[in-house]
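The following exercises are to be worked with the sequence and the three-dimensional model at hand. Each task is followed by a stepwise solution.

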Amino acid sequence: MLTRKQLELLDFINKRVQRDGVPPSFDEMKDALDLRSKSGIHRLITALEERGFIRRLAHRARALEIVKLPDAMETAGFNPKVINGDRPDQARPNRALDVQVHAVELPVMGQIAAGVPIEAINHESHRVAVPGAMVGGKGNHYALEVRGDSMIDAGINDGDVVVIREVNTAESGDIVVALVEDQEATLKRFRRNGSSIALEAANPAYETRVYRDDQVKVQGRLVGLIRTY
């Protein structure tokens, strides 16, 4: 589920790519969405990239590529370039049925803090059904209920359910479940700098916390999100 601003930006980028063959500049995106600074565009692009709608291309100017569009935008007449595993339209004539057929049940392992770390997660509270495509990668998966607002600029709100692939390593920039000093778990963006680990919030109200690498254990990486209205 994308926010209104995320949809507006994705729509604008897609139209410019279709018209000009290249994405708009950050200044053009800022003006089109009536934002005061380019930092807001950076946050929106990061959120779209994390959800698999766009891809940043290294070593190229205006290095953005449309990967896919939401169903509503596709049915409105858009024709994006489809790459890396999008299912062809003929394979999904009934989208509601398709989700039901390929749903997977995951254990919800309690709550995770998007804010000040809370107690480490260690028990299954209930189970939740998620689209099978969301857990198509290798490895085990589990879900967590988000508590707190420190990741709101990454599109993760209090009350959301995040889907986590169970891994013990991460790349800088990944959003991970981090276990701090074997006691507290938190959902943050992971940054490595030599022998230090920074756990970054996506909300300017929260400071980045820096630890020795032996104080932080990666418990999983974010691969999906479920929101209930």
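**Surface and overall make-up**

The accessible surface of the chain is about 12,900 Å², and carbon and sulfur atoms account for 47% of that area (Shrake-Rupley method, 1.4 Å probe; for residues, only the protein chains shown count as cover). The model is predicted, with local features requiring pLDDT of at least 70 and side-chain atom pairs pLDDT 80 or more, while totals for chains, interfaces and linings use all residues. Residues are numbered from 1 along each chain as its sequence is written, and side-chain values use heavy atoms, without hydrogens and water.

**Exercise 1.** Determine whether the length of helix 3 agrees with its number of residues.

*Solution.* Helices are DSSP runs of H or I with at least four residues, and strands are E runs of at least two, numbered from the N terminus. Helix 3 covers residues 38–50, which is 13 residues. The expected span is 1.5 Å times one less than the number of residues, so 18 Å is predicted for helix 3, and its end C-alpha atoms do lie 18 Å apart. Just after helix 3, G52 has a positive phi of about 85 degrees.

**Exercise 2.** Identify the buried residues of helix 3 and the elements they pack against.

*Solution.* Buried denotes under 20% relative accessible area (1.4 Å probe, protein chains only). In helix 3 this applies to G40, I41, L44, I45, T46, A47 and L48. Their packing partners (contact: heavy atoms within 4.5 Å) are helix 1, helix 2, strand 1, strand 2 and strand 9.

**Exercise 3.** Describe how strand 12 pairs with strand 7 and strand 8.

*Solution.* Pairing requires at least two DSSP bridges between two strands. Strand 7 (161–165) and strand 12 (216–226) run antiparallel, joined by 5 bridges; V161 is the bridge partner of I226. Strand 8 (175–180) also pairs with strand 12 in the antiparallel sense over 5 bridges, with L179 opposite K217.

Methods
Buried means under 20% relative accessible area, exposed over 50%, partly exposed in between (1.4 Å probe, protein chains only).
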